[in-house]
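Please consult the sequence and the model shown here.

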Amino acid sequence: MDQDKEYVGFATLPNQVHRKSVKKGFDFTLMVAGESGLGKSTLVNSLFLTDLYKDRKLLNAEERITQTVEITKHTVDIEEKGVKLKLTIVDTPGFGDAVNNTECWKSVADYIDQQFEQYFRDESGLNRKNIQDNRVHCCLYFISPFGHGLRPLDVEFMKALHEKVNIVPVLAKADTLTPSEVKKKKFKIREEIEQYGIKIYQFPDCDSDEDEEFKQQDQELKDSIPFAVIGSNTVVEAKGRRVRGRLYPWGIVEVENSAHCDFVKLRNMLVRTHMQDLKDVTRETHYENYRAHCIQSMTRMVVKERNRNKLTRESGTDFPIPTGPGLADTETEKLIREKDEEVRHRAEHGHGHDHQHGHDLNNEHVHEHNHGHDHEHEHGHEQHQDPHVEHEAHSEHHPPYPEGS
Ligand code: GDP
């Protein structure tokens, strides 16, 4: 009883939060990108032990040549020890197949923007309680094991996306390389990522008070980039054990054997250690940048509109008014300046996170954000017990601010 006096009870807060989250379930959206045939679907199946792609239709060569990037979405509800995870895989099939690959990243970038835009609309709407969050939390980018490091397309693709999504590069089909080749390729790829200024997902620094073992693991994880992965849809028998692997005349490659590849490291990173951080960075950096940009553009438009109205009222001519203090509505001007300052600050210093996502948002472009427009995004996904596969073709897109901004 004595103890009760000093014990207010907020020590149960973590449990309360925990219970609530477990009840609600978790969601995570993972995008896979890279040339087709690099083992993207096989890896996703291996990662989550599901057959997400059982309805997949493989295209023949001719169809692949003409096909533009069509984005498909697969959703599956998985449960482990009573914890529910709604996993969404966004696939970008056909990428790199077509003869003309210029701007093949565009539809992917648009897709990511569309999810931000939808979230932004929902957040500003009336029913903010049950927002369906479809923002892409991570993009696994597959690099071919057959090239010498990155290909121009890889560079272009990653640069087009790195300010919108957390990119985690993986070296595909690592079983086609010897261990020393893997090492060399990883080194080269890391060098090129640096050289081309590609901002991939940065693992957060670990706290200095963490124990040595943890620090070492963390360093190992950072040194593994790009993760060398092997996928397989079959279970084979190795030394009396049944394992997910690939059977060759000379032996068995085990997917989950860390001596063979980084599969387990990647899975642990995605599922056990960094899922929440990937979501946090998406929300705090990528989405926040998008949002700031939208608001900035919208405020600019309002002022422009207001000035135009003023002008037509006062003089009847259509000259643009220089928007200096004292001329336009000073309060609005102040707001814009503050927003500009905030965006600039964010661009220079990243956003409230250890991550090095610098953003160049000092852009004067005025964007026509059409809020009256109705999008055909679906809401309210039903919960399914069985793996439920949804296909969504995304042809229509209305990026809320012009590309390149
Ligand atoms: P996607 O087009 O990128 O989704 O590639 P798929 O997953 O359909 O795989 C294309 C082909 O590569 C299939 O024949 C797979 O069996 C094979 N494959 C997938 N993963 C690996 C791997 O890790 N190593 C090797 N050697 N082959 C793989």
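With a disulfide taken as a pair of cysteine sulfur atoms within 2.5 Å, the count comes to zero. C139 is in no disulfide, and the nearest cysteine sulfur, that of C138, is 7.0 Å away. The model is predicted: local features need pLDDT of at least 70, side-chain atom pairs count only at pLDDT 80 or more, and totals for chains, interfaces and linings use all residues. Residues are numbered from 1 along each chain as its sequence is written, and side-chain values use heavy atoms, without hydrogens and water.

Relative accessible area sorts residues into buried (under 20%), exposed (over 50%) and partly exposed (in between), with a 1.4 Å probe and protein chains only.

| Residue | Relative accessibility | Class |
|---|---|---|
| C139 | 1% | buried |
| C261 | 5% | buried |
| L13 | 45% | partly exposed |

L13 lies in helix α2 (residues 13–24); helices are DSSP runs of H or I with at least four residues, and strands are E runs of at least two, numbered from the N terminus. Together with V8 and F10, L13 makes a nonpolar surface patch of about 360 Å². Such a patch joins nonpolar side chains within 5 Å, from residues with over 30% relative accessible area and no salt bridge (a side-chain nitrogen of Lys or Arg within 4 Å of a carboxyl oxygen of Asp or Glu).

An open antiparallel sheet has three strands in the order β7-β8-β9, where pairing requires at least two DSSP bridges. Its edge strands, β7 (235–238) and β9 (251–254), each pair on one side only. Four bridges join β7 to the antiparallel β8 (residues 241–248), and V236 stands opposite V243 in β8.

Technical notes
Patches are made of residues with over 30% relative accessible area and no salt bridge: like charges are joined within 9 Å, nonpolar side chains (Val, Leu, Ile, Met, Phe, Trp, Tyr) within 5 Å. Accessible areas come from the Shrake-Rupley method with a 1.4 Å probe; for residues, only the protein chains shown count as cover.
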